[in-house]
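Colleague: Could you take a close look at one part of this model with me? I would like to go through a single residue and its surroundings.

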Amino acid sequence: MENPEKKIRNFIFKINSLVMKEAPKSDDQLLFCAAMVSVVRNLYLNNLGIKQTNVIFEQLSASFQMMEDFYPEETPTIH
């Protein structure tokens, strides 16, 4: 059985490859992001329910604030 970290890495690689193929322009990549947020939200809702999904998105939001505190001049990628 494949370990979770390896599965995550493979998913990231596959999704990134799809984005580069389907949305090579910056504007299209942002539209892709908007679509992915909707997909991710729905997957969490279907698998975890409203309360746990809310916790996940609250923590995600908090992580952006933490990154801004550590890297105020940069725009890092958070995975």
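Modeller: Happy to! A word on the basis: this is a predicted model, where local features need pLDDT of at least 70, side-chain atom pairs count only at pLDDT 80 or more, and totals for chains, interfaces and linings use all residues. Residues are numbered from 1 along each chain as its sequence is written, and side-chain values use heavy atoms, with hydrogens and water left out.

Tyr44 is found in helix α2, residues 26-48; helices are DSSP runs of H or I with at least four residues, numbered from the N terminus. Tyr44 counts as partly exposed, at 32% relative accessibility (buried means under 20% relative accessible area, exposed over 50%, partly exposed in between, with a 1.4 Å probe and protein chains only).

The ring of Tyr44 belongs to the 1 aromatic pair that the structure holds. Its partner is Phe57: the ring centres are 6.3 Å apart and the planes stand at 85°, so the pair is edge-to-face (rings of Phe, Tyr and Trp, the last by its six-membered ring, pair if their centres lie within 6.5 Å; planes under 30 degrees apart count as stacked, over 60 as edge-to-face and the rest as tilted). Because Phe57 lies in helix α3 (residues 50-70) and Tyr44 in helix α2, the pair ties together parts that are 13 residues apart in sequence. Phe57 is partly exposed too, with a relative accessible area of 28%.

Notes
Helices (H or I, at least four residues) and strands (E, at least two) are DSSP runs, numbered from the N terminus.
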